[in-house]
Amino acid sequence: MLSILFPKFCIGCGFVGDYICTDCFKKILIIKNNRCIYCGKNGTLGLTHVACRKTKGIDGCVSFYKYSSLIKDVIVQSKYRRAHLVLSSLLGAASPSFYKTIWKWKKMFSPVVVPIPLHSQRELERGFNQSNIIGNHIAKTISLPIKNILIRTKNTKHLANIKNDNDRRMIINNAFKYVGEGVPETALLIDDVITTNSTVGECAKVLKKFGVRTVLAFSLAK
């Protein structure tokens, strides 16, 4: 009945049947080798090179897709359509091999999944937080615990619209606060898109300030 009343249209081509049809999914650029988040060179399991590590930085990063125009449209549309269904289509279409690195991270670090929060006002307006949807999917798929141990204290501008990296860092500075009970050894930050690392970097800084030893990051796109 829902399919009849609210048919799914492919965001890429308008084909009826799903939010991302088979043909459009084939056009999505997949990240085959996750690189060091800081220098951009090949690394093992997406982990940050020893020489690139920062005391309060990201220790590893994995993303599924390159931030192409189609992926951008999917993520933008998910903010205004039925986000659970749109993002589930994208996550569900991912090959099981995509999750291999995170499975290995589980064995190495036993991380706690930590979705990056929206400001309460932004989440109220939107009705959901995309990172929570993605985080719950990852936690369920990999059998990891999930905790919302960060809150966003500053209702910042949309960073995607800000081109200058330094401006992004200034805007996101001190935008998060740790509110968790207890401190996990390792946290796996979840976001929909990672571009300049400003948001995940700021979250890592807060987490490590409160005693988290290792901070990893996952995003749908990069």
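Contact here means heavy atoms within 4.5 Å. Keep that in mind for the exercises below. You're working with a predicted model, where local features need pLDDT of at least 70, side-chain atom pairs count only at pLDDT 80 or more, and totals for chains, interfaces and linings use all residues. Residues are numbered from 1 along each chain as its sequence is written, and side-chain values use heavy atoms, with hydrogens and water left out.

**Exercise 1. Asp192 and its surroundings**

Find the strand that holds Asp192, decide whether Asp192 is buried or exposed, and list what Asp192 touches.

Step 1. Asp192 sits in strand S5, which runs over 186-193. Strands (E, at least two residues) and helices (H or I, at least four) are DSSP runs, numbered from the N terminus.

Step 2. Asp192 has a relative accessible area of 11%, so it is buried. The cut-offs are under 20% for buried, over 50% for exposed and partly exposed in between, using a 1.4 Å probe and protein chains only.

Step 3. Skip residues up to four places away in sequence, and Asp192 touches Ile75, Lys79, Gln130, Ser131, Ile134, Ser219, Leu220 and Ala221.

**Exercise 2. Helix H7**

Work out what caps the N-terminal end of H7 and how the span of H7 sits against expectation.

Step 1. The cap is Asn129: a side-chain oxygen lies 3.1 Å from the backbone nitrogen of Ser131.

Step 2. H7 has 13 residues and reaches 18 Å from its first C-alpha to its last, close to the 18 Å expected. That expectation is 1.5 Å times one less than the number of residues.

Step 3. Pick out the buried residues of H7: Gln130, Ser131, Asn132, Ile133, Ile134, Gly135, Ile138, Ala139 and Ile142.

Step 4. Past the end of H7 comes Ser143, with a positive phi near 60°.

**Exercise 3. The nonpolar cores**

How many residues does the largest nonpolar core have, and which element gives it the largest share?

Step 1. A nonpolar core is a set of buried Ala, Val, Leu, Ile, Met, Phe, Trp, Tyr and Cys residues joined through side-chain atoms within 4.5 Å. The largest one has 40 residues, and Tyr65, Leu90, Ile138, Leu188 and Phe218 have the most contacts inside it.

Step 2. Elements that each supply at least two residues of this core include helix H2 (22-27), strand S1 (60-65) and helix H7 (130-142). The largest share, five residues, comes from H7.

Step 3. Apart from this core lies another, of 23 residues, with Ile58, Ile149, Ile172 and Tyr178 among them.

**Exercise 4. Aromatic pairs**

Which geometry do Phe25 and Tyr65 have, and which do Tyr178 and Phe210 have?

Step 1. The whole structure holds seven aromatic pairs. Rings of Phe, Tyr and Trp (its six-membered ring) pair if their centres lie within 6.5 Å; planes under 30 degrees apart count as stacked, over 60 as edge-to-face and the rest as tilted.

Step 2. Phe25 and Tyr65 have ring centres 6.1 Å apart and planes at 85°, so they are edge-to-face. Because Phe25 lies in helix H2 and Tyr65 in strand S1, this pair ties together parts 40 residues apart in sequence.

Step 3. Tyr178 and Phe210 are stacked, at 4.9 Å centre to centre with 10° between the planes. Tyr178 is buried at 7% relative accessible area, whereas Phe210, at 43%, counts as partly exposed.

Technical notes: A polar contact is a pair of N or O atoms within 3.5 Å; within protein, one must be able to donate a hydrogen and the other to accept it, and residues adjacent in sequence count only if both atoms are side-chain atoms.
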